[in-house]
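Morning, everyone. Please bring up the model on your screens. I'll go through the inside first, then a loop, then some rings.

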Amino acid sequence: MKFIDLFSGVGGFTGGMELAGHKCIGHCEFDKFAEASYRSMHTITEEQREYLLTLPLKQRQKEILKNEYLNGEWYAQDIRTIRAANMPVADCWTFGAPCQDFSIAGKRAGLKGDRSSLVREIFRILEKTEEENRPKWLIYENVKGVLSSNRGLDFLSILSEMDRLGYDAEWQIVNSRWWVPQNRERVYVIAHLRTRRARKIFPVSGNGGANNFKLVGGGGIAQHIGYAVDKSKNNPRKIDIANCISARGDRGISNRRAEGTAIAIPVLTPFRQEKRQNGRRCKENNEEMSTLTSQDEHGVAIDIKALSSSTRGQPFRRGYAATLDHNCNQAVIAEKAVWSEKYNCYLAIRKLTPKECFKLQGWSDDYFEKAKFVNSDSQLYKQAGNGVTVTVIKHIAERM
């Protein structure tokens, strides 16, 4: 079926829906950097990419926003200016409207907030759309906090608007960890016109996280760390020599098991322990990654135990890998260390790379490279944190 991706970001709905065999015919995105990524990932031709490659990054970002790079796909920049008569007819509208005003980390302004209130624009456009041209399906995604915002009245208001416009709705909290190694609970609402018969989509379920760590392979979360730490006398010191880390299974800094277990712990803003949103800041070994956001610092902490005795006692300084094998192609890059009472050692912390953040959202490497083609690392982190998980969308879309 044909669909339109509203509040598209880099196109998480587009990627997942198209993997399930549906076709995107239009999208709406306000942020120019996310829009540049969207076009590079979904709309431009290879000939256009070759030309853009000849331009500096900043010029490339401006050039790709010209209409010819849409190649026929309908586009609107601002949801507030869309006129129903100008939208193409589609079978489905998807919208992951801004969530900041619903998030438990925010001020909980709810539907009165400037950003989360933009979901009302969807209902404005639907109301102005001729009944025979209204989409058969609506898919709405938001943070779990939408359920408790304003004592639940905000979510009731959204469902009531769908009902008033002729849609029957079902909803479920879906966790990305069922398909990828990221704990990301989101509310999905699927509505269909009650004048047309449609099968139920929910409940959906995944594999419960089994084997999902393999999905970030090929240079995944545990590929490179650095600033090896000497924990002698409980005085952490950075060491400038460390063995190469590979992405295979349970291998740690020393490429051997430590006390029968290698440690790789998901970390969320480790030096702000007083902030308790979404659980612990340092998780347990083998737990899934914390929910990706655009504000926090995400990383992985790895046990440092086997270090060369000749390096002990050296002052803090940046470290590099002693040797690089076919699994490892860059310098070690961890920047911090924290003491773990549980493991009785220092844990070296490496910030996740933008590519790893995209992988945790279900994107393949080639899509990430297309986004990187037009954006800086800071924008790529933001885009990953603000997006929907592609594999979740694909699973839902396959049931439609």
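A cavity here is a set of grid points where a 1.4 Å probe fits but cannot get out. Its volume is the space filled by probe spheres set on those points. Keep in mind that this is a predicted model.

So, how many cavities of 30 Å³ or more are there? The count is 1. The largest cavity holds about 30 Å³ of space. Its lining is Val10, Phe358, Gln361, Trp363, Gln383, Ala384, Gly387 and Val388. By class, that lining has 5 nonpolar residues, 3 polar and no charged.

Next, the loop. Glycine 362 sits between α7 (354–360) and α8 (365–372). Setting aside neighbours within four places in sequence, glycine 362 touches Val180, Thr389, Val390 and Thr391. Take valine 390. Glycine 362 and valine 390 are 28 residues apart along the chain, yet their C-alpha atoms are separated by 5.0 Å.

Now the rings. There are 5 aromatic pairs. One of them joins phenylalanine 358 and phenylalanine 368: centres 5.3 Å apart, planes at 70 degrees, so edge-to-face. Phenylalanine 358 is in helix α7 and phenylalanine 368 in helix α8, so the pair ties together parts 10 residues apart in sequence.

Last, charges over rings. Lysine 370 has its charged end over the ring of tyrosine 367, 5.3 Å from the centre. Arginine 49 places its charged end over phenylalanine 373, 5.5 Å from the ring centre.

Methods: Residues are numbered from 1 along each chain as its sequence is written. This is a predicted model: local features need pLDDT of at least 70, side-chain atom pairs count only at pLDDT 80 or more; totals for chains, interfaces and linings use all residues. Side-chain values use heavy atoms; hydrogens and water are left out. On a 1 Å grid over the protein atoms alone, a cavity is a set of points where a 1.4 Å probe fits but cannot get out, and a pocket is an open set with protein on both sides within 12 Å along at least five of seven lines; lining residues have an atom within 4 Å of a point. Ala, Val, Leu, Ile, Met, Phe, Trp, Tyr, Cys and Pro count as nonpolar, Asp, Glu, Lys and Arg as charged, and the others, Gly among them, as polar. Helices (H or I, at least four residues) and strands (E, at least two) are DSSP runs, numbered from the N terminus. Contact means heavy atoms within 4.5 Å. Rings of Phe, Tyr and Trp (its six-membered ring) pair if their centres lie within 6.5 Å; planes under 30 degrees apart count as stacked, over 60 as edge-to-face and the rest as tilted. A charge sits over a ring if NZ of Lys or CZ of Arg is within 6 Å of the ring centre and within 35 degrees of the ring normal.
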